[in-house]
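Let's take a friendly walk through a protein model together. Have a look at the structure below, and then we will explore its inside.

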Amino acid sequence: MNEKRWTEIKIQNLIFQSGNRPHSMLMMPCTNVFGWEADLVLVTRALITHEFEIKVDRQDFLSDKKKDKFKHVERWMRGENEYTEDWHGIRLITKTLQPANYFWYVCPNGLINIEDVPDWAGIYSINDGERLKVEKQPK
């Protein structure tokens, strides 16, 4: 990994620069589209959505597994249309919203191990030349 100190904003800018292709229609940083905050969302002209989760340190990545949004994506992948949760003794039935078509982790090279990433997620790493490289394709 190079000596450049990566931040979420620097990585967003790198994605903006690399994603500025004719098939990209819209890019939104720090947005709430799927029922949770996404670091960056890209929508293609074919209306395919890509969610980018930016990681600049390993501990942040490891703590992500506890977030509700990842449980939500797992439910969607299992085909669960709704789920039950308890809120202060009240039983709620909640719809499972469709997540992005593709989910990507984006991080400096070597920060995330491929085997630590769920099957449904992909990884873009940033190499020493400050270019994005696909390490793993999402399902």
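## Inside the model

V41 counts as buried, at 0% relative accessibility. Keep in mind that this is a predicted model. You can find V41 in strand β2. Which residues does V41 touch, leaving aside its neighbours within four places in sequence? They are L26, M27, M28, T31, V33, F34 and H50. For a sense of distance, the C-alpha atoms of V41 and K133 are separated by 18 Å, and these two residues lie 92 residues apart along the chain.

Now for the nonpolar cores. The largest one has 18 residues, and those with the most contacts inside it are F103, Y105, I112, V117, W120 and A121. At least two residues of this core come from each of β2 (37–44), α3 (68–78), β6 (102–108) and β7 (121–126). Another core lies apart from it, with 13 residues that include I11, M27, L42 and V106.

Beyond its neighbours within four places in sequence, F103 is in contact with E51, E53, K69, F70, W120, A121, G122 and P138.

Finally, how many disulfides does a search of the whole structure find? The number is zero.

| Cysteine | Relative accessible area | Closest cysteine sulfur |
|---|---|---|
| C30 | 48%, partly exposed | C107, 17 Å |
| C107 | 1%, buried | C30, 17 Å |

A disulfide needs the two sulfur atoms within 2.5 Å.

Terms used
Residues are numbered from 1 along each chain as its sequence is written. This is a predicted model: local features need pLDDT of at least 70, side-chain atom pairs count only at pLDDT 80 or more; totals for chains, interfaces and linings use all residues. Side-chain values use heavy atoms; hydrogens and water are left out. A nonpolar core is a set of buried Ala, Val, Leu, Ile, Met, Phe, Trp, Tyr and Cys residues joined through side-chain atoms within 4.5 Å. Buried means under 20% relative accessible area, exposed over 50%, partly exposed in between (1.4 Å probe, protein chains only). Helices (H or I, at least four residues) and strands (E, at least two) are DSSP runs, numbered from the N terminus. Contact means heavy atoms within 4.5 Å.
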